[in-house]
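Me: I'm new to reading protein structures, and I'd like a close look at one part of this one. Could you walk me through the disulfides, one after another?

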Amino acid sequence: MKRLFFLSLAFILAFMLISCDSGNTGDFKITLKLPIDYEGVCNDLDEDYDYTYCINESDQVMLSIYSKSNIADEYVYADRKLIKVGDNKGGKEEFIRSLKKGAYYRFFVEVTNSNEKLKLTGGIDGVYYDDKNNYEVNIFLAPVGDFARVVSDRTHSDKNSLESYVDDGGSKGAAAVALKDGRVYMAGGYDMEEDEVFNKAAIFDMKNIARKDLKLPAKLYDHIAALLDDGSETGKVVVGLGTGEDDALNDSVWIYDPKSDKYEMIALGASALTKAKAITIDGDVYIVGGCTDSGASSSVYKISAKTGSVVSELFATLKTGRCNHAVADVSTVVVDENDVKTVTPRILVVGGSTDAKEGKETPVLGENFVELVTKGSSVPMAVTDRNNGDDAELTTKGLISPAAVSVLMDDKEDDETVVAVLGGYLRDGDDESSWMWVANPNLLVFSENGENALVYDKNGTANECSRPSAALLGSEEKNVIKYVAVNCGTKEIDRTKKNATDQIVFVLQVKRVKDSDLGREVFSSSVKDSLMDENHDPESDATIVDGPVAVDALGQVFMLGGKYVYQVGSYAVP
């Protein structure tokens, strides 16, 4: 029998990389935290048994190290250490010599089996090294391309799971974003059990696998939250708008500073809005649309902080105001011969409704169903499917509350950005008197089809999600398959507890395939098989309608909501 290798009774694989044996002299320890072993099979493995959640003596741990001397700089590759699982002392002296005082570090771990198949990954960002201090860093590992509940002790998950501030009674409308140092900020939401709007907020620290509770300046749900890069260690969070107590809409926007734990209100100039969308492009935050009490906003605002102070401006105006829509970053990036990067912001806006009355929304239809936003302009994009060059059912049925994620397909000589669109709900029926709302049964991939025109490819899915959140999962360059992590929530359109179902999480695979009928390549989107039964945590009966996601700089995606925090393992460090 082949035994699982472990160094503690908690079944946590740990290795110590130290410069001295004791004292406050820069001792450094990295502990790998493993996913829950539900069946306890990792204690005594058959020789030929390869269970993804276990680390065996035949496995290998690759530790990749990236560093930078200034927090505003980009990380550069520093070193890589292959650590044999059977020897916890491998590489410690070389590792400690590679760390430099006063530098910031990023660590990324890859666990491969004896067949060199990647099993588990995890990473941590923003570790500042000072050789006068002791360090203990946790890195939680998740199965690659699959989700696992974050736990500090895999054998006592009932007591050591990282929990959100939402209990299992059910929730909706929270928002989350990853900070520059890898921590995750989550705020607001609506408690369906207590019929209460939260002013709760929290920061989830993966280094210590702990939650720090905070407060929002107001009770909010269906609000926005996005990262604003001001050059600081953590960046700041733009949070605000949304719905408050007694269904009152909010017009305030705040900048949250994680270092001081303070909120500062900024003058955006927007009306009171709910269900707007916010997206970060090149460190700036763009707020798109949103619904008022009587209609929908067509404004796109930009918030930037690169000049040393926070500045807001009207960036563009949509042809059709909307909320409950999706946005995706389709910016162009040019790097010159001096490695100077120039980003031209472009935002694809998909679907939505022109009012926020749940179950009675008016969908955005016709030529403005999809718009492309650039500075000072928004252009309608003609939409067709592969089989009908004159029409597409999306422009006649609409699509409300979908998720949209930009995916860079770099498997060919020329890179191509496509947009995966999933979930949401649409009208179903042939005439105005008989149609009904149904969850979108299709996975869509939009790609350019000439100037100001898009074509979409369609695949069916059993994982229907009425209000999903999604984010791109990190993957290797030139990989033929790209991955999108999805916090599905429920297929029920009604956002009440009686119709909410248990939280579902899954990963999409996006790739090119040859369509024999069309005689050409198209884009395919499909749900990746999960280790979890029916993409669900069997120990959680929490209900979440539209739980948020947050993706860090390592391409790791965190799912929040219902009760626990989940991590999706990325395929490679960017």
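Reply: Happy to! Keep in mind that this is a predicted model. Let's start with one cysteine: Cys 42 has 1% relative accessibility, and because anything under 20% counts as buried, Cys 42 is buried. Cys 54, at 0% relative accessibility, is buried by that rule too. These two cysteines form a disulfide, with their sulfur atoms 1.9 Å apart. The torsion about their S-S bond is about -85 degrees, so this disulfide is left-handed. Cys 42 and Cys 54 both lie in the loop between β2 (28-33) and β3 (60-68), so the link ties together parts that are 12 residues apart in sequence.

Now move along the chain. Cys 291 is joined to Cys 323 by a disulfide, with an S to S distance of 2.0 Å. Here the torsion is about -70 degrees, so the link is left-handed. Cys 291 sits in the loop between β22 (284-288) and β23 (299-304), while Cys 323 sits in the loop between β24 (311-317) and β25 (326-329), so parts 32 residues apart in sequence are tied together. Both Cys 291 and Cys 323 are buried.

Next come Cys 465 and Cys 488, whose sulfur atoms are 2.0 Å apart in a disulfide. This link is left-handed, with -110 degrees about the S-S bond. Cys 465 is in the loop between β37 (453-460) and β38 (469-473), and Cys 488 is in the loop between β39 (481-487) and β40 (505-515), so the pair connects parts 23 residues apart in sequence. Cys 465 and Cys 488 are both buried.

To put it together, the count comes to 3 disulfides. If you number the bonded cysteines in sequence order, the pairing reads 1-2, 3-4, 5-6.

Technical notes: Residues numbered from 1 in each chain as written. Predicted model: local features only at pLDDT ≥ 70, side-chain atom pairs only at ≥ 80, totals over all residues. Heavy atoms only, no water. Disulfide = S-S within 2.5 Å. Helix = DSSP H or I, 4+ residues; strand = E, 2+ residues; numbered from the N terminus. Buried < 20%, exposed > 50% of the residue type's maximum accessible area, 1.4 Å probe, protein only.
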